Each structure stands twice: as structure tokens, then as C-alpha cells.
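Thanks for coming. Please take a moment to look at the sequence and the structure before I start.

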Amino acid sequence: MGILIDSKTRAIVQGITGKQGSYHTKLMLDYGAKILAGVSPGKGGMTIDGLPVFDTVKETLDSYSPNASIIFVPANFAQDAVLEAIENKIKTIVVITEHIPIRDSINVIANAAQAQVSVIGPNTPGIITPGECKLGIMPTSIFTPGNVGLVSRSGTLAYEVAAGLRAKGLGESTCVGVGGDPVVGLNFIEALELFKDDAKTKAVVLIGEIGGNMEELTAQYIVQERYAKPVVAMLPVALLHLANGWVMQEQ
Amino acid sequence: MISLYLIENEAKQLLLRYGIPIPKGILISNYKETLPGLSNLKPPYIVKAQIPAGGRGKTGGIISAMSPHEAQEAVTQLMGTQIMNFPVKQVLIEEKLPVKKELYLGFTVDRFNRSYVALTSKMGGMEIEDVAEKTPQAVVRTTVDPQLGIRSFHALSIAKQLGYRGGQLVELSIIIQKLYQAFAENDAEMIEINPLIETDSGSFVAADAKIVIDDNALFRHPEYKAKETQMLSVQEALALKNNLAYVKLDGDIGVVGNGAGLVMATVDLLNFFGGKPADFLDIGGGASADVIKVALKIVLDNPSVKSVLVNVLGGITRCDEVARGIIDAIKEAKEKKPLAVRLVGTNEKEGKRILIDAGISVLDSMEEAAKQAVAFAVGEKP
């Protein structure tokens with residue numbers, strides 16, 4: 001159980017031949033994630049960590065029926081990589097790539113909504129359902145199977161909280177990094193909806209950031225919906241708000 | 001993280017290329033110029049310092065001039081001075097428009113709807129944030145369908161909300177569509193005409209404009225590439241070149257960490273323990289020893305810095321790389337400054353070993369490290 005990914009998730013890696021892609025593919029395999037194949041244009045026929053590499057996502061469908069993809073493709077090409085996953089109806093698409101232009105993110109997220117698939121990120125450390133599956137770049141040693149749903153805009157702060165939970169003998173049902181960009185796919189409210197229906201999750205920790213109004217709208221949602229599980233939120237606001245020279249683009 | 005502003009004249013020239021009317025004017029870049037183009041402009045004039053900041057009017061950056069002589073005086077007065085900490089290198093002289101009404105037109109990113117939003121108001125001429133705060137009903141928000149963009153019928157609806165009809169309605173709607181086109185094609189995060197003036201004769205002219213470009217989209221816009229560094233200090237430019245997010249603050253404890261959220265929490269924690277951060281420096285994910293060395297150098301070179309707090313929780317970032325970077329930076333540092341280091345995560349053992357061998361103690365909790373950095377800053381010896 002947990003949300004988005006579990007032991008049955010069948011994943012491919014887009015951008016598997018790159019430095020980050022190949023490095024993290026190995027770590028995800030070591031964790032026991034069912035990574036079945038990789039995609040890298042022009043590298044079809046290669047093998048990476050025992051996995052077959054294809055030129056396109058389409059070629060992986062017949063033999064592997066993937067339902068998730070994790071994307072490490074560089075920012076200039078990332079838009080097409082995500083659209084390719086969407087067109088091939090991959091259900092859960094985790095976009096690790098950072099520095100994707102906002103226009104590209106908005107475009108792929110609109111396409112994903114139409115195709116009814118989920119985009120997580122961009123600029124996310126990914127998702128981990130401890131003990132079952134990891135589609136991400138987070139250090140695994142701090143995550144423990146447990147009952148806390150963890151959803152965060154910040155990668156390292158999620159690690160900090162996971163390490164804290166572990167020290168108290170707790171663990172996570174699933175930890176989702178929604179991504180640090182101004183525009184991301186899955187948001188806090190959608191993550192809360194998923195955790196609501198997950199039997200394993202008993203409480204949720206939200207880690208917000210400054211910029212935008214997602215935290216305020218999520219608080220409204222929790223109150224209005226009388227959200228069924230306890231939610232604890234952390235929001236480092238920093239005196240940075242007041243500091244010289246710091247301009248956050250508020251929306 | 002670095003916002004790329006086009007200043008007024010650049011923004012207006014861009015709008016003009018998209019067919020949006022702007023006032024007749026001349027740009028003065030040379031202090032000694034005798035303003036040759038001025039004879040082509042009809043007085044009265046408005047003389048405006050070209051700096052990348054709003055609120056110039058309140059700080060003396062905009063001067064009205066009734067005659068060519070007064071315009072010349074205004075240029076002399078503005079050129080070479082500092083306004084809102086920006087040196088004035090260019091001044092724009094424009095014909096003053098006969099104003100009937102001032103409107104606001106803009107597009108920006110709508111984070112929550114994961115799209116764009118058109119912002120319009122009949123109360124132009126003021127900062128839109130102030131209008132939204134004091135009279136929220138005066139700002140009309142129209143969410144844009146990103147797959148459709150702004151079509152003629154969308155633009156007509158927006159123009160209608162501003163209270164126009166007939167020929168003016170169509171004229172205004174065309175400006176709205178062109179403004180969206182300029183916004184989209186240039187990968188802007190924000191574009192605004194403020195004010196858009198309705199003149200006595202009923203036509204519309206963009207009296208002031210601001211555009212912010214998404215710096216992540218520069219690979220599609222080489223024309224803006226050079227702008228990226230021109231407004232930055234040496235340290236900021238060095239940080240940008242190495243993909244470091246750096247903001248200088250005014251305290252005495254240097255802060256280096258990985259991930260914006262963690263660095264913010266670190267800054268909060270320092271503040272909690274009574275320390276004053278000298279900067280915000282996020283090394284990002286997966287930084288190499290070389291990049292970490294540059295990060296430390298930027299922080300150590302700041303003369304206000306008395307101690308440095310390094311807070312790394314390695315995921316994609318490897319602790320051994322961080323440790324090597326720290327050692328390299330210390331070796332080359334001009335001045336010895338005490339370091340409080342919290343280092344856990346990927347390759348933690350190796351990282352700690354490298355630092356301990358070099359005589360630097362390492363802590364496991366960020367609370368302890370923050371306390372130590374504060375103690376070092378007030379003179380306690382490591």
C-alpha cells in the first residue's frame with residue numbers, strides 16, 4: 001500500500017544512459033524497485049545494469065507494459081520526454097529534471113490532465129514507498145516503512161523529517177516530493193486526497209515553502225473537507241522574506 | 001532564481017515589435033549629448049531614469065519637463081546618480097500623453113491552476129500588488145487555458161470587463177492578444193503594461209512596461225543571455241555560473257547547504273539561536289567538490305563573515321565530495337574562519353573521515369551545528 005507506487009509498480013527510466021540516470025537506476029534496482037527497461041534516443045540496443053535500452057517509450061510497451069516512468073532527461077529535451085510518456089499512457093510520471101522552463105511545465109501538465117495521467121515534479125527528488133518501491137533519488141537509509149504520509153516541496157527537508165520520524169520509531173507509508181518549481185504537477189491537495197484513501201496512512205506531514213499560495217489553499221481544503229486524518233505542517237518562512245535583495249515572485 | 005528584468009525601454013521596444021503603441025520618445029545613453037532627437041518631440045515631456053525597479057516615481061526617478069530646456073536639466077539631474085541603489089546609465093524622454101484614464105494589463109504565472117492568468121484593472125498607474133491588497137475587487141483575474149492561449153474572444157471578454165465597447169473594445173482586445181503573444185513567445189514569467197493610457201482621443205498607449213523572463217528558458221532565447229549577468233555583483237555572477245543559488249544578507253554567519261528548503265530552515269534556525277546569516281547559498285543537488293569549493297569561496301570572501309555553517313543532508317549530493325570541496329576551499333582561503341559542519345547522508349562515513357583528518361569536527365544534527373556557528377561568530381574558538 002501507500003500511494004502512487006508500490007511493489008507492483010512496473011517502471012521505465014527515460015534518460016537512462018546519462019550520468020544521473022544510470023547512477024540512480026542502479027540505486028533504485030538495489031532498493032528492489034521493478035525497473036524493467038530504459039529509454040535513450042540513439043542508444044537503443046544497449047544494456048545498462050542488465051536492463052535493455054530502447055530509443056522510444058513506445059518500444060517498451062509490448063514486452064514490459066510499464067505503468068510508471070522516471071525522467072532524468074536534460075531540461076532542454078525534458079518537455080518532449082514527458083509528452084512521450086503521456087502519449088504512451090504511462091500512469092505515473094516522475095520528473096526529476098530541474099531547470100525546466102515554466103512554459104514547458106505548464107504545457108506538459110495540461111496534456112497530462114487531459115490524458116488522465118499523473119505528473120510528479122518537475123524538480124522533485126521523486127517518490128518512495130519504503131520497503132516496496134523507490135522512483136527517485138533520495139537516500140534510502142533514512143526511510144522506514146510506517147504510517148505517516150509525507151509530502152514536501154523541498155527534497156532535503158523531507159529527508160530531514162524522515163530522519164526525525166525514524167529516530168522516534170516512526171516511518172512513512174509513502175514520501176512524495178511534489179517538486180520545488182513554481183509550477184508542478186501533483187499538488188498538496190491531490191496528495192492529501194490520495195493519502196485519505198490509503199488504509200496504511202494514519203497521519204500526514206506537509207512541508208511547504210515560501211512562494212505561491214498552495215499552502216494557504218491546502219489549509220482551507222483541510223478545514224473545509226474536515227480532512228479525516230491528522231495533518232502536521234512545516235513551513236520554513238525565513239527572515240529571508242524581510243531580507244535585503246530577496247525577491248520572491250508572489251502569485 | 002535570478003529574475004531577468006527587461007527595463008522600461010527594452011520592454012517597450014519589445015511591445016512595439018508586437019504592434020503595441022508606445023509614446024514617442026528618445027533614449028539618452030550619453031551624459032554629454034545635446035539631445036538632438038528632442039526637436040522631433042512635442043513638449044511637455046516626461047523624463048524617466050532607466051533602472052530595473054518599480055516605484056521610481058516616488059524616489060525621484062521620473063521628472064516632468066515643460067520645455068526642451070527643462071528636459072535637458074532633468075537628464076543632467078538623473079544621469080549618473082543612484083536611484084534605489086541602481087546607477088542611472090540611461091534616461092528616456094517621452095512626449096507626455098493627454099490622459100483620460102489609466103488601466104493595468106498584465107499576464108503572469110498562475111501556480112495553483114498550473115497555467116497563466118490575465119490581470120486587469122481600471123486602476124492603473126499604481127503597483128498592482130497594492131491595488132490587489134487595498135481593493136481586491138478592482139483586479140480582475142482571468143485564468144488562461146494554456147492549450148488555447150488568448151484567442152480573440154478571450155481578449156474581447158477581458159476588454160469588455162474594463163468597460164469598453166465598439167471600436168475601442170476591439171482596439172483594446174487586440175492589444176491584450178498581442179501582449180499575451182509577447183508574453184508567451186519570449187518565455188516571460190511576468191509582463192505588464194502599467195499604466196496603459198487611454199488618451200483624450202480614445203486610443204490606447206503603453207506608458208510603462210515591465211517584463212521578467214524565465215531564466216530557465218534562455219536556451220531558447222540567446223538574445224537575453226548577456227542580460228543575465230549584467231545586473232549581478234561579482235559573487236552573484238560567480239554563483240550563477242556554477243548553478244548556485246546565492247543571496248547576500250547582512251549578518252555575519254555564512255550559510256551553505258543543499259536544497260532551498262533546507263537552507264531556509266537553516267537560516268530560520270540560526271536566527272532562532274540568535275545568529276545573523278550573512279547569506280543564503282544553496283549548492284543544489286549533486287554538487288561536485290569543485291562547485292562546493294566555489295560556494296565556500298564566495299561565502300569566505302565576504303568580509304562580514306565571521307563563521308560559516310555548512311548544513312548538508314546528502315541524497316544526490318555526496319558527503320565525500322562536499323568534504324573535499326571544503327578542504328580545497330580552506331586551503332586557498334585568504335583568512336582562516338571557523339566552520340561548523342553538519343554532514344549526513346550519502347557517503348557520510350567517507351566525508352566525515354576526510355574532514356576529521358583535516359582537523360575539522362563534524363556534527364550530526366543541524367541544531368548543534370547552528371549553535372556552534374553562533375558561538376564561533378561571537379569569538380568562541382573551535
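This is a predicted model: local features need pLDDT of at least 70, side-chain atom pairs count only at pLDDT 80 or more; totals for chains, interfaces and linings use all residues.

Chain A averages a pLDDT of 93, and 94% of its residues score at least 70. There is one stretch to treat with care: over residues 240-251 of chain A, the pLDDT is below 50. That stretch still has 23 contacts in the model, beyond near neighbours in sequence.

Now the sheet. Chain A has an open sheet of 6 strands, and reading across, the order is 9-8-11-10-12-13, with mixed pairing. Which strands form the edges? They are strand 9, residues 133-136, and strand 13, residues 231-234, of chain A, each of which pairs on one side only. From one strand to the next, the twist averages 15 degrees.

Next, over to chain B and helix 11, which spans residues 348-357. Which of its residues are buried? The answer is B:Glu348, B:Gly351, B:Lys352, B:Ile354 and B:Leu355. These lie on the same side of helix 11 of chain B, because they cover an arc of only 160 degrees around the axis. What covers them includes strand 17, helix 10 (319-332), strand 18 (339-345) and strand 19 (362-363) of chain B. On the other side of the helix, B:Lys349, B:Ile356 and B:Asp357 are exposed. Just after helix 11 of chain B comes B:Gly359, which takes a positive phi of about 80 degrees.

Last, the two chains together. How many residues of chain B are in contact with chain A? There are 38, and they meet 43 residues of chain A. On the chain B side, the elements that give two or more residues are strand 8 (99-110), strand 14 (245-248), helix 8 (260-272) and strand 17 (307-314). Helix 8 of chain B supplies the largest share of that side, 8 residues. Sorted by class, the side of chain B that touches chain A has 15 nonpolar, 14 polar and 9 charged residues.

Note on methods
Residues are numbered from 1 along each chain as its sequence is written. Chains are lettered from A and ligands numbered from 1 in the order in which they are written. Two residues are in contact if their C-beta atoms, placed from the backbone, lie within 7 Å. Helices (H or I, at least four residues) and strands (E, at least two) are DSSP runs, numbered from the N terminus. Ala, Val, Leu, Ile, Met, Phe, Trp, Tyr, Cys and Pro count as nonpolar, Asp, Glu, Lys and Arg as charged, and the others, Gly among them, as polar. Two strands pair if DSSP finds at least two bridges between them. Axes are lines fitted to C-alpha atoms, for helices over the stretch in contact, and angles run from 0 to 180 degrees between N-to-C directions. pLDDT is the predictor's confidence in each residue, from 0 to 100. A residue is buried if 20 or more other C-beta atoms lie within 10 Å of its own, exposed if 12 or fewer, and partly exposed in between; C-beta atoms are placed from the backbone. The arc is that of the directions from the helix axis to the C-beta atoms.
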